[in-house]
Amino acid sequence: MKKGLFKTAVLILIFALVCVPACYGCQSAPKDEVLTIVHATDMHFLSPKLTDYSQDFIDFLSRTDGKVTQYSPQICEAFVADMLEMKPDAVILSGDLTLNGAYESHSDLAAVLMPLKEAGIAVFVLPGNHDAGGAAYSFFGGSIDEFESVSDGDFPLLYSNFGYDFAISRDSASQSYVAELSPKLRLLFTDVNANDTAGKVRDETAAWAQEQLAAAKESGAAVISVSHQPLLTHNRFFTFGYTAIGGQKLLSLYDEFGVALNLCGHLHIQHIAKEGSLTEIAASSLAVSPNQYGVLTVRNGVPESYRTQSVNVSGWAAAAGETNSDLLDFAEFSAGFFDTVTENSVSAMVEECSATAAEKSSMTAFAVRLNAEYFAGSLTLTDADPAWALWQKYLPDNFFKVYMSSTLEKNEGDMREYNFGEQNK
């Protein structure tokens with residue numbers, strides 16, 4: 001199934017929408033300025049126009065990575081409702097906005113986000129590796145049909161209202177840009193996915209970033225950076241393909257100019273890493289249980305505190321008059337879906353080993369719980385658990401065992417809250 005290029009009328013409509021100011025509150029920034037910034041990532045929105053929601057489609061999702069893609073429109077609607085109630089100063093969406101870059105998904109998501117703009121809430125987006133320049137898919141009648149995704153150049157046109165039209169600078173070599181949230185704070189969005197960058201930080205982009213950091217320093221503004229792929233290693237199991245290639249170029253600049261925080265996604269795990277003076281928060285996917293986003297408090301340009309909060313899908317569903325039990329009890333449904341996907345994957349591995357039936361059950365339950373806790377950023381299990389000894393005894397070289405080992409060898413506790421002041425003492 002082949003899709004055509006964008007409709008000219010649609011792009012004209014997008015450009016016709018009222019532009020937001022280049023700087024929020026620049027004329028009246030208080031001496032003690034406290035900003036609330038919400039960070040969400042990896043929404044993987046799929047337009048309802050691209051699937052019939054058949055059992056074949058649901059079965060396909062149950063064999064993937066635990067994203068509740070079938071409810072991605074509802075999750076995003078509920079997220080917008082949360083934001084309209086919270087009224088943060090800014091919302092950052094750090095890539096993989098869509099499942100696979102289809103025009104319909106981008107267009108529908110932009111429409112879902114529009115009430116935030118209309119309410120005066122600044123929204124900033126960045127392309128992820130699933131958002132442009134590749135193949136998109138539809139799911140009908142049990143078949144998966146491929147067609148072209150949106151182009152790299154079309155991405156900023158679709159999201160002109162969400163960062164690009166009020167950027168104070170844009171990089172010519174990528175879809176990177178800088179936005180001024182206040183006289184005391186600028187946001188540096190570094191793209192390594194569009195314009196054939198293939199996950200790599202271009203030299204031209206690094207040079208542009210250096211110019212923007214110098215300009216911010218001269219103006220007396222602090223900088224918070226945003227990327228889709230992490231710049232730091234959050235797990236030794238997640239290296240090649242999981243971090244930005246050439247990210248050291250940016251890390252060196254951030255160290256030189258005192259950038260204290262980078263917000264990212266891509267990994268689908270909630271995790272916080274630190275190198276030197278830089279803290280990097282990798283937020284878990286909004287499409288994966290516990291379907292959470294981060295709430296960052298910034299005082300006078302300096303990050304102060306961070307916490308996560310799950311999208312209130314059930315509350316939104318009740319208010320919208322939904323009758324679907326999955327949505328009305330969404331936290332339980334989403335957690336169960338993620339656990340089932342893990343169990344389906346692990347059970348086949350465990351069944352092949354020589355453990356007893358009771359031992360196999362214990363091994364599977366341990367893996368399911370560990371995976372859920374690790375992705376949520378709330379790991380409590382340790383390598384002292386008896387079930388872990390069973391994995392080491394029966395499946396010492398299994399790849400899932402190696403993955404679990406990478407999480408257990410350095411159990412860092414709760415990744416859902418962070419106090420920057422305490423960490424810097």
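This is a predicted model: local features need pLDDT of at least 70, side-chain atom pairs count only at pLDDT 80 or more; totals for chains, interfaces and linings use all residues.

Colleague: OK, is strand β8 mostly covered or uncovered?

Modeller: Mostly covered: six of the six residues in β8 (residues 185-190) are buried. Buried means under 20% relative accessible area with a 1.4 Å probe, protein chains only. Strands are DSSP runs of E, at least two residues, and helices are runs of H or I, at least four, numbered from the N terminus.

Colleague: Which residues sit on each side of β8?

Modeller: Leu185, Leu187 and Phe189 are on one side, with Arg186, Leu188 and Thr190 on the other.

Colleague: And how does β7 run against β8?

Modeller: Antiparallel, with five bridges joining β7 (residues 177-182) to β8; strands pair if DSSP finds at least two bridges between them. The two form a hairpin with two residues between them, and Ser182 stands opposite Leu185.

Colleague: What about β9, parallel or antiparallel to β8?

Modeller: Parallel, over six bridges, with β9 covering residues 222-227. Leu187 stands opposite Ile224 there.

Colleague: Switching to helices: what span should α11 have?

Modeller: At 1.5 Å a residue, the 22 residues of α11 (residues 330-351) should span 32 Å, and the end C-alpha atoms are 31 Å apart, which agrees. The expected span is 1.5 Å times one less than the number of residues. Buried residues in α11 include Phe330, Phe337 and Met349.

Colleague: Now pockets. How much space lies in the largest one?

Modeller: About 760 Å³. A pocket is an open set of points on a 1 Å grid over the protein atoms alone, where a 1.4 Å probe fits, with protein on both sides within 12 Å along at least five of seven lines; lining residues have an atom within 4 Å of a point. The volume is the space filled by probe spheres set on the points.

Colleague: Which residues are closest to its centre?

Modeller: Of the 32 lining residues, Thr64, Asp65, Tyr242, His268 and Phe375. Helix α11 gives the most to that lining, with six residues.

Colleague: And the second largest pocket, what volume has it?

Modeller: About 240 Å³. Closest to its centre, of 20 lining residues, are His234, His271, Tyr374, Lys410 and Glu412.

Methods
Residues are numbered from 1 along each chain as its sequence is written. Side-chain values use heavy atoms; hydrogens and water are left out. Buried means under 20% relative accessible area, exposed over 50%, partly exposed in between (1.4 Å probe, protein chains only).
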